[in-house]
Amino acid sequence: MAISTRDRLICGITYLTSGLVGFIWIIITHIRRDRLPAFTRFHIFQAIFIYILLFLAGMIINILLAFVQIMPIIGPIVVNIAYFIGSYPLIFGFSAINFAIIALTVYLSANAFLGR
């Protein structure tokens, strides 16, 4: 079964907007009582769950860093490493973590645009 251009666009834009467009599209199709194709449903829910997991991982890492920060010897070392990975601009002005998230987003949206 061929995937429509509209479904590809919705899925690709869903990744680029952290799942917001997909969430709105689910609401619109539910109101119109249309059936959401499996391809579109998969990519929308994948985008939403990936960005929820990224948000939760960031929260957990910040909580753990708050506890590790007060340790006498290990604390400053771990905090400096976390700062270097998460906040220090390395690649095109982005930190390593931000660049990885952007690369993941571009990869997933390109695959959705191509219909994979």
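This is a predicted model: local features need pLDDT of at least 70, side-chain atom pairs count only at pLDDT 80 or more; totals for chains, interfaces and linings use all residues.
pLDDT is the predictor's confidence in each residue, on a scale from 0 to 100, and helices are DSSP runs of H or I with at least four residues, numbered from the N terminus. The chain averages 90, and 99% of the residues score at least 70.

Residues are numbered from 1 along each chain, and side-chain values use heavy atoms, without hydrogens and water.

Next I looked up the cores, meaning buried (under 20% relative accessible area, 1.4 Å probe, protein chains only) Ala, Val, Leu, Ile, Met, Phe, Trp, Tyr and Cys residues joined through side-chain atoms within 4.5 Å. The largest has six residues: C11, Y15, F39, A47, L108 and A112. Two or more residues each come from α1 (5-16), α3 and α5 (96-114). A second, separate core of five residues includes W25, L36, I44 and I48.

Then I turned to aromatic pairs (ring centres within 6.5 Å; stacked means planes under 30 degrees apart, edge-to-face over 60, tilted the rest), and found three. F45 and F49 are stacked, because their centres lie 6.2 Å apart with planes at 20 degrees. They sit four residues apart in helix α3, so about one helical turn separates them. F84 and Y88 also form a stacked pair, at 5.4 Å and 25 degrees.

Notes. Buried means under 20% relative accessible area, exposed over 50%, partly exposed in between (1.4 Å probe, protein chains only). Rings of Phe, Tyr and Trp (its six-membered ring) pair if their centres lie within 6.5 Å; planes under 30 degrees apart count as stacked, over 60 as edge-to-face and the rest as tilted.
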